[in-house]
Each structure stands twice: as structure tokens, then as C-alpha cells.
Amino acid sequence: MEFSTYSVLFARLLMAAYFIVTGFVYARDWQITVQKLRQAHILLPTPALWSVITLYIVGGSFLIFAYKLNMIATLLIATLLLVNALYHRFWIYVADEYRCMLKKFMVNLALVGAIILVVLTNHS
């Protein structure tokens, strides 16, 4: 199956929007997010959060232009998988928290798949 350059660009734009918006939301609410990370026993929550914020905003911007696409894809995938393993541990929750964390876990896995597809179908 052949993908047009425009469809791959559109996919990159959608993913970039997700990462950039999420990065800015995390930055706006960073104190609340750091508190949640502390409650989840994440090591060095403030530097970890600012690293994710930076990666999401810069990485999202790089996705738009397919700049350093393989490198940024690798970093984003590693971050999403790490966040899943350390923070979205749905299996330790019950009821509503379980469903919320499972959903976030699955969204991150879907993003990993989307990033892989975009890298494999990139025409630029």
C-alpha cells in the first residue's frame, strides 16, 4: 500500500499537535503533575517532568518537519513506553482509576504504533 506524501504529513501534524499541546498543558500545570509523579513514587519528578515537557514540545515540532525523524521517533517511543511502565500501571488500580490508567496506557501504545508507521512511510 502506497501512502501519499500529504497523508504522511497529515499524520505527522496530528501527532505533533498531540505532543505539543500535551507538553504545554504539562508545563501550565507542572506543580500538579509533579505532585502526581511524587505520589506514584517517580524518581526526581520535577526534572523528569521538565524533560518530558521539553521532549514533547521540541519533538512535536520536529515531527512537523520530519527533522531528525528517526532520532525523535526513538526518543518519543522510549518516553511513551517508560511512562507506561512507571506511571500508567493500570494493574495496581481498581474501578475508575483502573479504567483511566488503562485508557492512558493504551493511548500511549497507539501513539507508539502511529510513530512507527509515520517513520516507515515517511517520504521526505
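## The largest pocket

In this predicted model, the largest pocket has a lining of 23 residues. Those nearest its centre are Tyr26, Leu37, Val83, Tyr87 and His88. The space in the largest pocket comes to about 690 Å³.

By residue type, the lining of the largest pocket consists of 16 nonpolar, four polar and three charged residues.

## Helices around the pocket

Five helices each supply at least two residues of this lining: helix 1 (5-28), helix 2 (30-39), helix 3 (45-65), helix 4 (69-86) and helix 5 (95-121). Which helix gives the most to the lining of the largest pocket? Helix 4 does, with five residues.

## Aromatic pairs

A pair of aromatic rings is described by how far apart the centres are and by the angle of the planes. The structure holds nine aromatic pairs. One of them joins Phe90 and Trp91, whose ring centres are 5.1 Å apart. The planes of Phe90 and Trp91 stand at 80°, and an angle over 60 degrees counts as edge-to-face, so this pair is edge-to-face.

Phe90 also forms an aromatic pair with Tyr98. This pair is edge-to-face, with 5.8 Å from centre to centre and 75° between the planes.

Are these residues buried, partly exposed or exposed? Phe90 has a relative accessible area of 17%, which is under 20%, so Phe90 is buried. Trp91, at 49%, is partly exposed, and Tyr98, at 31% relative accessibility, also counts as partly exposed.

## An aromatic cluster

Tyr18, Phe19, Tyr26 and Tyr56 form one aromatic cluster. Tyr26 is also among the residues nearest the centre of the largest pocket.

Notes:
Residues are numbered from 1 along each chain as its sequence is written. This is a predicted model: local features need pLDDT of at least 70, side-chain atom pairs count only at pLDDT 80 or more; totals for chains, interfaces and linings use all residues. Side-chain values use heavy atoms; hydrogens and water are left out. Rings of Phe, Tyr and Trp (its six-membered ring) pair if their centres lie within 6.5 Å; planes under 30 degrees apart count as stacked, over 60 as edge-to-face and the rest as tilted. Buried means under 20% relative accessible area, exposed over 50%, partly exposed in between (1.4 Å probe, protein chains only). On a 1 Å grid over the protein atoms alone, a cavity is a set of points where a 1.4 Å probe fits but cannot get out, and a pocket is an open set with protein on both sides within 12 Å along at least five of seven lines; lining residues have an atom within 4 Å of a point. Grid points are joined across faces, edges and corners, and a volume is the space filled by probe spheres set on the points. Helices (H or I, at least four residues) and strands (E, at least two) are DSSP runs, numbered from the N terminus. Ala, Val, Leu, Ile, Met, Phe, Trp, Tyr, Cys and Pro count as nonpolar, Asp, Glu, Lys and Arg as charged, and the others, Gly among them, as polar.
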